[in-house]
Amino acid sequence: MQLDKDGKFINGDASDVHAYAGYGAQVLAVADGTVVGIEDSLADQKPPTLPDRSTITGGTVDGNHIVLDLGGGVYAFYAHLQKGSLAVKLGDRVKRSQVLAKLGNTGNSSAPHLHFHLMQSPSVLCSNGIPYAIDTSAAAGNLSHDSAAEQDLSADFSKARRPANTRRYQYPLDLEIVDFAPSR
């Protein structure tokens, strides 16, 4: 999930996807690749609750999404994208940092966020994940387990921030606030 400049996830009505800091954010390609899977027909869910479980299927659980073939048996997966925002189609070649779509709240999601992972095949639900490291990021704070357990996304998390500490080739820790700067 994305915090705004004031340390908030939400500004306004928590049941309106537009009130979330990350809603509509650009989703960028992690590397050069080829688009091998897409879904772009699902409407946003109304936050802050999960959809009725009876409405979720294997085809809708991840919402609108994109799968990129990065080569060498590695695939990148981006989920919960905004309907109608996909800027790519099947077969397109993409470059690292290219805009793929906008962040939404589709599928089995209770708030706008990006679900991203690398995997060993283009099958989203039937593939093993692959560990990865982020080439450059900055650790900029931590949320407490108490605040996460309370799930009060309307809280002010600005006090959880600290001066950013640049990291190279690491993966963020649980509940860590991370600043990303895309490499071009």
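Guide: Helices (H or I, at least four residues) and strands (E, at least two) are DSSP runs, numbered from the N terminus. Two strands pair if DSSP finds at least two bridges between them. This is a predicted model, where local features need pLDDT of at least 70, side-chain atom pairs count only at pLDDT 80 or more, and totals for chains, interfaces and linings use all residues. Residues are numbered from 1 along each chain as its sequence is written, and side-chain values use heavy atoms, with hydrogens and water left out.
Visitor: OK. In what order do the six strands of the open sheet come?
Guide: The order is 5-2-3-4-7-8, with antiparallel pairing.
Visitor: Which strands stand at the edges?
Guide: Strand 5 (93-94) and strand 8 (129-130). Each has a single partner strand, so one side of each lacks a neighbour in the sheet.
Visitor: How many bridges join strand 2 to strand 5?
Guide: Two. Gly 33 stands opposite Val 94 in strand 5.
Visitor: New topic. How many aromatic pairs are there?
Guide: Four. Rings of Phe, Tyr and Trp (its six-membered ring) pair if their centres lie within 6.5 Å; planes under 30 degrees apart count as stacked, over 60 as edge-to-face and the rest as tilted.
Visitor: Why is the pair of Tyr 78 and Phe 116 tilted?
Guide: Their planes are at 55°, so the pair is tilted. The ring centres are 5.1 Å apart. Tyr 78 lies in strand 4 and Phe 116 in strand 7, so the pair ties together parts 38 residues apart in sequence.
Visitor: What does Phe 116 form with Tyr 132?
Guide: An edge-to-face pair, 5.5 Å centre to centre, with 85° between the planes.
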